Amino acid sequence: MGVSDKPAQEIVPNQILVRFREGTDRSEIERIQVEAGVRILKAVAGNTLFLMKIMDGSSVEDAIRRLKGYPEILYAEPNYGRGIKDN
């Protein structure tokens with residue numbers, strides 16, 4: 001089975017995973033959420049990795065691009081439905 005034969009992973013619409021740098025203050029996380037049009041659905045790992053919902057109607061790609069512009073963010077990526085759900 002070649003790489004191109006792999007089934008495409010399904011991206012959960014309007015959701016992204018965002019990891020903040022260690023030591024990012026909660027008030028900075030709140031500010032970034034407002035500015036970037038996202039909202040925390042749940043903490044995935046400690047106080048640095050969050051499942052977020054895109055609130056402003058942006059595409060997953062646009063929201064990720066916007067979030068990568070913040071120095072407090074280590075990475076942002078689509079939620080590929082790896083069992084991380086909004087419960």
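What percentage of the 87 residues in the chain is buried? I found that buried residues make up 37%, where buried means under 20% relative accessible area with a 1.4 Å probe, protein chains only.

A note to myself on ground rules: this is a predicted model, where local features need pLDDT of at least 70, side-chain atom pairs count only at pLDDT 80 or more, and totals for chains, interfaces and linings use all residues. Residues are numbered from 1 along each chain as its sequence is written, and side-chain values use heavy atoms, with hydrogens and water left out.

**Layout.** I read off the pattern β-α-β-β-α-β along the sequence. Helices (H or I, at least four residues) and strands (E, at least two) are DSSP runs, numbered from the N terminus.

**Sheet.** I looked up the strand order next and got β2-β3-β1-β4, an open sheet with antiparallel pairing. Two strands pair if DSSP finds at least two bridges between them. The edge strands, β2 and β4, each pair on one side only. Between β1 and β4 I noted five bridges, and F20 stands opposite I73 in β4.

**Core.** The largest nonpolar core has 18 residues, and I16, F20 and I73 are among those that touch the most other members. Such a core is a set of buried Ala, Val, Leu, Ile, Met, Phe, Trp, Tyr and Cys residues joined through side-chain atoms within 4.5 Å. With four residues, α2 gives the most to this core.

**One residue.** Leaving aside neighbours within four places in sequence, I16 has contacts (heavy atoms within 4.5 Å) that include V38, M52 and L67.

Conventions. Buried < 20%, exposed > 50% of the residue type's maximum accessible area, 1.4 Å probe, protein only.
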